[in-house]
Amino acid sequence: MNQQSQQSHHSAGRPGIGRFGAFGGRYVPEALVAALEELDEHRLKAAHDPEFIGELAQLHKSYTGRPSIITEVPRFAEHCGGAQVVLKREDLNHTGSHKINNVLGQTLLTKRMGKRRVIAETGAGQHGVATATAAALMGLECTVYMGRVDTERQALNVARMKLLGAEVIPVDHGSRTLKDAVNEAFRDWVTNVDHTHYVLGTVTGPYPFPELVRDFHRIIGVEARQQVLDEFGRLPDAVCACVGGGSNAMGIFHRFIDDAGVRLVGFEGGGEGADSGRHAARFTGQATPGVLHGAYTYLLQDDEGQTIESHSVSAGLDYPSVGPEHAYLRDSGRAEYYPVTDDEAMEAFRLLAQTEGILPAIESAHALAGAMKIGREVGPGGLVLVSLSGRGDKDVHTAGRWFGLLDDEGNLTE
Ligand SMILES: Cc1ncc(COP(=O)(O)O)c(C=O)c1O
């Protein structure tokens, strides 16, 4: 929803519910309140229903491929100050990223609510692909909104969604990226809310989405914590993850929040530098708390409260606000957040590929670049766990052009 329409929105009206400290809440048009209440009721019931829990667990096992493995990366770690580095391999999930965890949960809820259609927004395309996949699996109609700029930089994922039977609607408003796709998805939802569920793709939006999406991703940290304990006999010194809206980061952080000795470190799209005006670093510089897309959180805005356009080489991090629970973790000091520039992320992308034979998503490469810095801080004997949130297949065009292997049309340069 845009800044103007927020004037007429109202908040949840239940003090404390849906808040992470001062952040979160529910700033939506009246027309959506009943749908959000319905969703909240169903998800709270489902969380205690053995049938729902069993169905989701079975899908994780036989469709997604969970538990995802962890992989130690010693040759990459040579560039990380002597610390050991271990990756949580969400890139190996069906459809290629962590996004499927949340989508399977939400599409199962859609069926429980008796709705026949799902809509989604997507930036990098991974959430759209996951939603189109689950919709095909469960026989639901599916429409995905995607900024025109993103449809161009992630054309392969557009084709994938269409092949899966989804309708993809390019959005030509604003910066024509993720923020604008979210606006359009909310507009569609207001009109079609009786038979449509909005599968929001990250830990932001009005309550209950930040909690709902986090709870479906919590499995990442639950598995990883046990796997690291089993394999290394101790907890990691730091957990690193990239932060767009923040879903993979919340997923891996959440199980470690009570482990006071474990640093939780999020890495944002630093674009051309946090001072350049072309970045997606919501916790640095111009970012201040305000309301965007139904939640009160940190966002890039000017003095008049107009959203400033973000920039990142990675479509999935190119978003001007961040999930409200991250805002809370940051202000309470439990988690730290730093920007990683496009250059640093692409160097980490190249390094992981050439030292370990793993092509990461460019989003995940931000976490890898971050781990190189944190590794130097924890030093020899330290252990750093990194969320490898997705695989790099979707990014081969972007990376190929970045490293001069492909021209703008995607043809080999020599
Ligand atoms: C592979 C991958 N990682 C990370 C992200 C960023 O999203 P989030 O911060 O919600 O994990 C995306 C978003 O599209 C993605 O595709």
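Reader: What is 2.6 Å from an oxygen atom of the ligand?
Author: An N or O atom in the side chain of threonine 202. Keep in mind that this is a predicted model.

Reader: OK. How much of the ligand does the protein bury?
Author: The protein buries 97% of the 390 Å² that the ligand exposes when taken alone.

Reader: And where does the ligand sit?
Author: In the largest cavity.

Reader: What about asparagine 248, how far is its side chain from the ligand?
Author: An N or O atom of the asparagine 248 side chain is 2.9 Å from an oxygen atom of the ligand. With glycine 245, a polar backbone atom is involved, at 3.3 Å from a ligand oxygen.

Reader: Changing topic. Which residues does the cis peptide bond with an omega of about -5° join?
Author: Arginine 66 and proline 67. Proline 67 is in the loop between α3 (50–64) and β3 (70–72). Another cis bond joins tyrosine 207 and proline 208, with omega about 10°.

Reader: Where is proline 208, then?
Author: In the loop that runs between β8 (196–198) and α10 (209–232).

Reader: What is the phi of threonine 95?
Author: Positive, about 75°, although threonine 95 is not a glycine. Threonine 95 lies in the loop between β4 (84–89) and α5 (99–112).

Reader: Last topic, confidence. What is the average pLDDT of the protein chain?
Author: The average is 94, and 96% of the residues score at least 70.

Reader: Where is confidence lowest, and where is it highest?
Author: Helix α1 (residues 3–6) is lowest, with a mean of 36, and strand β9 (residues 238–242) is highest, at 99. Over residues 1–14 the pLDDT stays under 50.

Reader: How many contacts beyond four places in sequence does the model have for residues 1–14?
Author: The model has 36 of them.

Terms used:
Residues numbered from 1 in each chain as written. Predicted model: local features only at pLDDT ≥ 70, side-chain atom pairs only at ≥ 80, totals over all residues. Heavy atoms only, no water. pLDDT = per-residue confidence, 0-100. Helix = DSSP H or I, 4+ residues; strand = E, 2+ residues; numbered from the N terminus. Contact = heavy atoms within 4.5 Å. Polar contact = N/O pair within 3.5 Å; in protein donor to acceptor, adjacent residues only side chain to side chain. Areas by Shrake-Rupley, 256 points an atom, 1.4 Å probe, with all protein chains shown as cover. 1 Å grid on protein atoms, 1.4 Å probe; cavity = no way out; pocket = protein on both sides within 12 Å on 5 of 7 lines; lining within 4 Å. Sits in = over half its atoms within 2 Å of the grid points.
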